[in-house]
Amino acid sequence: FYPLLVMNLMIQFFTALLILNLVKFQGTLVCWNYTANEFINAERYGFTEVAASGKRELRVSPFNKGSSSANCMDFWYIRRRSVGVNVD
């Protein structure tokens, strides 16, 4: 029985859970075409609006390419995130 090994494995397990949560959050932001700063300060930047239920909801990013797959392609391959798409 190796108590330090068990303790090390437990710490690594919980750290891996936190890292996976962070990867999920960043992946969601890539799909929405937001940066973490824009998401955190959405109200300050005017990216929120009041819904019919009365609570604030996140608006579609002005740089949204129309779909999650197009946003991912733009982030990982095309790299023209500063160009918005007019989706009228």
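Reader: Let's start with Asn33: is this residue buried or exposed?
Author: First, this is a predicted model, where local features need pLDDT of at least 70, side-chain atom pairs count only at pLDDT 80 or more, and totals for chains, interfaces and linings use all residues. Residues are numbered from 1 along each chain as its sequence is written, and side-chain values use heavy atoms, leaving out hydrogens and water. Asn33 has a relative accessible area of 8%, and the cut-offs are under 20% for buried, over 50% for exposed and in between for partly exposed (1.4 Å probe, protein chains only). So Asn33 is buried.

Reader: Okay, and where does Asn33 lie?
Author: Helices are DSSP runs of H or I with at least four residues, strands are runs of E with at least two, and both are numbered from the N terminus. Asn33 has a positive phi, near 60°, though this residue isn't glycine. Its place is the loop between helix 1 and helix 2 (36-40).

Reader: What pattern does the protein chain follow along the sequence?
Author: There are four helices and two strands in the protein chain. Read along the sequence, they give α-α-α-β-β-α.

Reader: How are helix 1 and helix 4 placed relative to each other?
Author: Val30, Cys31 and Trp32 in helix 1 meet Ser68, Asn71, Cys72, Phe75 and Trp76 in helix 4, where contact means heavy atoms within 4.5 Å. The axes (lines fitted to C-alpha atoms over the stretch in contact, with angles from 0 to 180 degrees between N-to-C directions) come within 7 Å and cross at roughly 105°. Under 35 degrees counts as roughly parallel, over 145 as roughly antiparallel, 65 to 115 as roughly perpendicular and the rest as oblique. Helix 1 and helix 4 are therefore roughly perpendicular.

Reader: Which residue does Asp74 meet in a salt bridge?
Author: Side chains of opposite charge can pair when their charged atoms come close. The rule asks for a side-chain nitrogen of Lys or Arg within 4 Å of a carboxyl oxygen of Asp or Glu, and the count comes to one salt bridge. Asp74 is buried, because its relative accessibility is 2%. At 3.8 Å, N to O, the partner of Asp74 is Lys65.

Reader: Last one: is Met10 buried, exposed or partly exposed?
Author: Met10 sits in helix 1 (residues 3-32). The relative accessibility of Met10 is 47%. That value makes Met10 partly exposed.
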